[in-house]
Amino acid sequence: MNADNYRVYISTETMMGPNSVRILAELFDKYPLQIVSDDRILDLGCGTGLTSLVIAKETGARVFANDLWVSAEENGKRFAEWGVGDQITPVCEDANNLHFEKKQFRALISIDSYHYFAGSRGFFQEKILPFMRDNGVVLIGIPGLKDAYEGRAKELLADWIGEDACMFKGPKLWKELIGDDDRIEAVKTWEMDCFSEAWDDWLATNHKFALGDRQHFETTIKPYTCFVGIYIKLK
């Protein structure tokens, strides 16, 4: 997948952090989805729907774009303007209380959001797994802490993001948090390669949060953090 193909959609208005399209591109390249048009994909924590657009165009599947902070009406209008309104269903629900049909989704994708709501053991089994079809796939890309600094997030990141520092965890810990289940075939976590490119795209914008991140990038963000990739294959 070439992230640059979507440059026209990437802007200060649609970005909510480091370039989510580059994070998604690495996940797709590393673990290509075997999807048909009848399959359904959940984009969990879709933000302004930028990732949902890419997922729809790259897979041809039916996409459900769920976010708690951005209304379904706002995202629905954006999808219509982008010409994918018939393919993407906007939803606004809490990830802890989803109301989808059981075993509905062939794949679940979550970019730059899973760490906000899923940092406890058992969350995946209780809140996510029931909605996944057999042989399904989960792809997650989130900001995290390099494994070498695990357990020091508050100490190292508090000046940058305050209490949210506790959400930053390393790849090894995320694998433990996903845990085991009779329906899980494999869980793989790694430090992603797209860190620099995704951050460069974000810091080049004039978004007010990007301006704040610039002040901490060289001293805090770059030395201690990474993007954590998570791949989960179901039986």
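**View 1. Asp134 and its contacts across the sequence.** Leaving aside its neighbours within four places in sequence, Asp134 touches Lys103, Arg106, Arg183 and Lys235 (contact means heavy atoms within 4.5 Å). This is a predicted model, in which local features need pLDDT of at least 70 and side-chain atom pairs count only at pLDDT 80 or more, while totals for chains, interfaces and linings use all residues. Residues are numbered from 1 along each chain as its sequence is written, and side-chain values use heavy atoms, with hydrogens and water left out. You will find Asp134 in strand β5, residues 132-145 (strands are DSSP runs of E with at least two residues, helices are runs of H or I with at least four, and both are numbered from the N terminus). With a relative accessible area of 38%, Asp134 is partly exposed (buried is under 20%, exposed is over 50% and partly exposed is in between, with a 1.4 Å probe and protein chains only). Look also for Lys233: its C-alpha atom is 9.4 Å from that of Asp134, although the two residues are 99 apart in sequence.

**View 2. Two non-glycine residues with positive phi.** Most residues other than glycine have a negative phi. Lys103, one of the residues that Asp134 contacts, has a positive phi of about 50° without being a glycine. Lys103 sits in the loop between β3 and β4 and is partly exposed at 44% relative accessibility. Asp112 is not a glycine either, and its phi is positive at about 55°. Its place is the loop that runs between β4 and α4 (114-117), where Asp112 is partly exposed at 23% relative accessibility.

**View 3. Helix α2, enclosed by its surroundings.** Of the 10 residues of α2 (residues 50-59), 8 are buried, so the helix is largely enclosed by the rest of the structure. To follow them one by one, look for Leu50, Thr51, Ser52, Leu53, Val54, Ile55, Ala56 and Thr59. These buried residues pack against the helices α1 (20-30) and α3 (72-82). They also pack against the strands β1 (40-44), β2 (62-66), β3 (88-91) and β4 (105-111). Gly60 follows the helix, and its phi is positive, near 80°.

**View 4. Helices α8 and α9 packed together.** The axes of α8 (residues 195-203) and α9 (residues 208-224) come within 9 Å and cross at roughly 150° (axes are lines fitted to C-alpha atoms, for helices over the stretch in contact, and angles run from 0 to 180 degrees between N-to-C directions). From α8, the contact is made by Phe195, Trp199, Trp202 and Leu203. From α9 come Phe209, Ala210, Asp213, Arg214, Phe217, Ile221 and Lys222. Sorted by type, the residues of this contact are 8 nonpolar, no polar and 3 charged (Ala, Val, Leu, Ile, Met, Phe, Trp, Tyr, Cys and Pro count as nonpolar, Asp, Glu, Lys and Arg as charged, and the others, Gly among them, as polar).

View 5. The structure holds 12 salt bridges (a side-chain nitrogen of Lys or Arg within 4 Å of a carboxyl oxygen of Asp or Glu). One of them joins Glu74 to Arg78, with the closest N and O atoms 3.4 Å apart. Both residues lie in α3, 4 residues apart, about one turn of the helix. An α-helix has 3.6 residues a turn, so residues three or four places apart point the same way. Glu74 is partly exposed, with a relative accessible area of 42%, whereas Arg78 is buried at 13%.

View 6. Lys127 and Glu126 pair through their side chains at 3.6 Å, N to O. Lys127 is partly exposed, with a relative accessible area of 22%, and Glu126 is exposed at 55%. Elsewhere, salt bridges with shared partners link Asp4, Arg7, Arg22 and Asp201 into one network. Arg7 forms a salt bridge with Asp4, their closest N and O atoms being 2.8 Å apart. Arg7 is partly exposed at 46% relative accessible area, as is Asp4 at 39%.

View 7. Met16, Leu68, Trp69 and Tyr116 make a nonpolar surface patch of about 460 Å² (patches are made of residues with over 30% relative accessible area and no salt bridge, like charges being joined within 9 Å and nonpolar side chains, here Val, Leu, Ile, Met, Phe, Trp and Tyr, within 5 Å; accessible areas come from the Shrake-Rupley method with a 1.4 Å probe, and for residues only the protein chains shown count as cover). Trp69 lies in the loop between β2 and α3 and is exposed, with a relative accessible area of 59%.
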